[in-house]
Each structure stands twice: as structure tokens, then as C-alpha cells.
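This briefing sets out the computed geometry of one protein chain for a reader working from the sequence and the coordinates. The points are grouped by topic.

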Amino acid sequence: MSVVEEQVEVDGDKLHQFVFRAVEEVGATLNAALVVMGDKLGLYRALAGAGPLSAVELARRAGVSERYVREWLNAQAAGGYLEYDAASGRYTLPPEQTVALTDDTSPAYLPGFFQIALGTVIDSPRITESARSGAGVGWHEHNHDVFEGCERFFRPGYHANLIPAWLPALDGVVEKLEAGAQVADIGCGHGSSTILMAQAYPRSTFEGFDYHEGSIATARQRAEEAGVADRVRFETTLASDTPGDGYDLVTMFDCLHDMGDPVGAASRVHKLLKPDGTWLIVEPMAGDRIEDNLNPVGRAYYGFSTFLCTPASLSQEVGLALGAQAGEARIGDVVAAGGFTRFRRAAETPFNLVFEARP
Ligand SMILES: C[S@@+](CC[C@H](N)C(=O)[O-])C[C@H]1O[C@@H](n2cnc3c(N)ncnc32)[C@H](O)[C@@H]1O
């Protein structure tokens, strides 16, 4: 059989534009490591509110080698993260960048986003190999920056939204939490959502569950540090094996789509809840159709989905692999298959879909 190649005309201008766009993206790829470097070495914190600093002054303040700092400063200035004043040879971190790069209570805080992105890219050769056979790679098999980056990426959003907006958007849940409710936070990771809820509702008791033992150990430590260890218990278990019953509220933050058997997990949640209980499901923002997600948020999430979420689900039994851009319709199907009769979108942010499911 012979193959006839179709002649296609290449538009020189478009090719040129694409190559220059790629130059920007290579710079952005390296910038993930530069941001993590600036965060880990305390360079942003040393620049924050300090006014214009030279490389020597910043190096002294941060206790880092001046030659490295000089190169890092220029890379950051070229990317618009810092302002450079040629007359004085000094660099300034603008106020908006100061918030985004140093204020971990702000929803705009970014270092965790870069940390999980870089950690994900570092593990990518393993995923590339797995893609040949279709084998999965478990969440627990990643490096520390994935776990800590995940916690630091999501926590500011939970801090800004969970207590003020998401829980109040659920039918009658805040009243129960104020009076004293029993709550299970499944797939809790380092427990930031569990701890925030425990701090807000001292009459309620909270249990965080995750199959990753390392994350559960960190969650216990975080609860001690936050002073809520008396009301929060963490346990290592697969969602589908979560023990107990009689829960008023079960929560899942950004983890249902990572599970191999989300329908099995949904059925388990149905058994865990009281008949009038509530399941809160937070999932990445996504539309139901691919074309709805071809935007910057979808691009980042499809990237994480390729390297983290899809392989994580494929590594477990069933391996449904919903992906991080599953969208409302598919999540609704999973919830219904688990035996739930009511499902609605209760809230959303540019990054999150927030669902309420009732038995
Ligand atoms: C993207 S992380 C989110 C962690 C945490 N909920 C947060 O928002 O920071 C997904 C979590 O789901 C957990 N996970 C994945 N599959 C699971 C399963 N079948 N049962 C329980 N936890 C699971 C992982 O260990 C990981 O901690």
C-alpha cells in the first residue's frame, strides 16, 4: 500500500509567531523552577516591602550567594515578576506580586501552584513511560513537592471560600455544624480543609481519611500545630473502605476524580451518611465539553490531569480515570450511580465546582 502525502502550505508568519510563543513558554517552564527557588530561598520574602534592592543587598538579606541572586533577579525581571530600575541597578517586587508571592492567607497566593507544577514535571518521565503500557502511577508515588505544593496551592482557596461561602451554600449544614455534627473529610491529603472546618465549628467532630499514609502523618502534625488535635482524627484508608456511619456531612475536596473507583466511593459515602446527611464535593472547574475547557484554567488542569490525576486513578482498582476536567454531568452520573437522588451545583469559583449531593 502506498501513502500519498497531502501537500500543505505553511504560512511563514504563523510559523514565526508560533516559535516566538514557544520561546515565551520555555521561559515560563523555567520560571516554575525560578519561583520555587525564590520561595524556598526566601528571596520574595526578603524583597517584600523592602523597596528597591540591588543584587548584593538582596543576597545579604536572604543569606544567598550574590552571583546566583543576580541571575535570578534578571530572569524574574524579564518575566515581569520584578521591576528593574536601570539607573540605580535595583529591583523592586511590586505590591501585587508581593501579595501573590508572599501572603499565604491571600486567595491569590501562588507559590504552592508552582511547587505542585514543578513537582509534577519532575516526575513526568515516569508518566511518559507508563503511557506506553497504560499502567497507572499512584498519588503516593510522587515526590514531596507534589504533596506540599498541593496543600499550599489549595489551602488559600479553602481559607477564602470554605467557611464563608461553600458550607453556607449547602442546605442546612451550617446549623448542624454549629450545633455539633459528625464530619468525615475523605481524600483529605494534608488536612487543610479538615482543620479549617474544625477551627470554625468547635462543637463538631472531624475525621480526615486518605489512603496515603505520608499525607495522614503530615495532617496529624498540622492538627497539632493548629491546636485542634483534640477534635480532629486522621486515619489511613481507601475511600471505599471508610469505616463508620451516622455522619451528618461527608466532604471530598479535589479527590473524587483521582480515585480508581469513584462510584464505589460514592456508594460508601451513601452508607456513611445519615438519611438527611450531605455530601460536599469540590472538583476542579470544568465544562462538560472539551471545547468548554480550552482556556488557561483548563490548560493547567488538563496538564495536571495527564501527569497526576489520570495515572493516580489508573493505578487503583477499576481505574475509571475521570480526569481533572470531568465536569458536572459526569460527576452527577457518578453520584447517581452511588445511590444519591439529589445533586446540584451549590457554588463555584473560577477554579472550583462545588456540588451538594443528598441521599
Ligand atoms: C489532589 S489531592 C487533594 C488532597 C486534599 N483533599 C486537598 O484538597 O488538599 C487528592 C488526594 O486524594 C487521595 N486519594 C486518591 N485516591 C484515593 C482513594 N481511593 N481513597 C482515599 N484517598 C484517595 C490522595 O492520596 C490525595 O491526598
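In which loop does D254 lie? D254 lies in the loop between strand 6 (247-253) and helix 12 (262-272); helices (H or I, at least four residues) and strands (E, at least two) are DSSP runs, numbered from the N terminus. This is a predicted model, in which local features need pLDDT of at least 70 and side-chain atom pairs count only at pLDDT 80 or more, while totals for chains, interfaces and linings use all residues. Residues are numbered from 1 along each chain as its sequence is written, and side-chain values use heavy atoms, with hydrogens and water left out.

**Overall form**

- The secondary structure of the protein chain consists of 14 helices and nine strands.
- The C-alpha trace spans about 70 × 70 × 30 Å along its principal axes.
- Buried residues make up 48% of the 359 in the protein chain (buried means under 20% relative accessible area, exposed over 50%, and partly exposed in between, with a 1.4 Å probe and protein chains only).
- The accessible surface comes to about 17,300 Å², and 55% of this belongs to carbon and sulfur atoms; accessible areas come from the Shrake-Rupley method with a 1.4 Å probe, and for residues only the protein chains shown count as cover.
- Among contacts between residues at least 6 apart in sequence, 68% join residues at least 24 apart, where contact means heavy atoms within 4.5 Å.

- Beyond its neighbours within four places in sequence, L177 is in contact with L167, V183, Y201, R203, S204, F206 and L249.
- In helix 5 (residues 95-102), the buried residues are Q97, T98, A100 and L101, and they pack against helix 1, helix 2 (43-47) and helix 6 (111-122).

- A357 is found in strand 9 (residues 352-358) and counts as buried, at 0% relative accessibility.
- The C-alpha atoms of A357 and L280 are separated by 6.6 Å, although the two are 77 residues apart along the chain.
- D171 forms a salt bridge with R358, with the closest N and O atoms 3.8 Å apart; a salt bridge is a side-chain nitrogen of Lys or Arg within 4 Å of a carboxyl oxygen of Asp or Glu.
- D171 lies in the loop between helix 8 and helix 9 (173-179) and R358 in strand 9, so this pair ties together parts that are 187 residues apart in sequence.
- R344 and E356 form a salt bridge whose closest N and O atoms are 2.9 Å apart.
- R344 lies in strand 8 (residues 342-348) and E356 in strand 9, so the pair ties together parts that are twelve residues apart in sequence.
- R344 is partly exposed at 34% relative accessibility, whereas E356 is buried at 5%.

**Helix 1**

- The side chains of E25 and R21 meet in a salt bridge (3.1 Å, N to O), and R21, E25 and R299 are linked in a network of salt bridges.
- E25 and R21 are separated by about one helical turn, because they are four residues apart in helix 1.
- V19 is located in helix 1 (residues 12-40) and is partly exposed, at 43% relative accessibility.

**Backbone points**

- Most residues other than glycine have a negative phi.
- Phi of D254 is near 50°, a positive value, and D254 is buried, with a relative accessible area of 13%.
- Phi of V318 is near 75°, also a positive value; V318 is exposed, with a relative accessible area of 62%.
- V318 is placed in the loop between helix 13 (296-314) and helix 14 (327-337).
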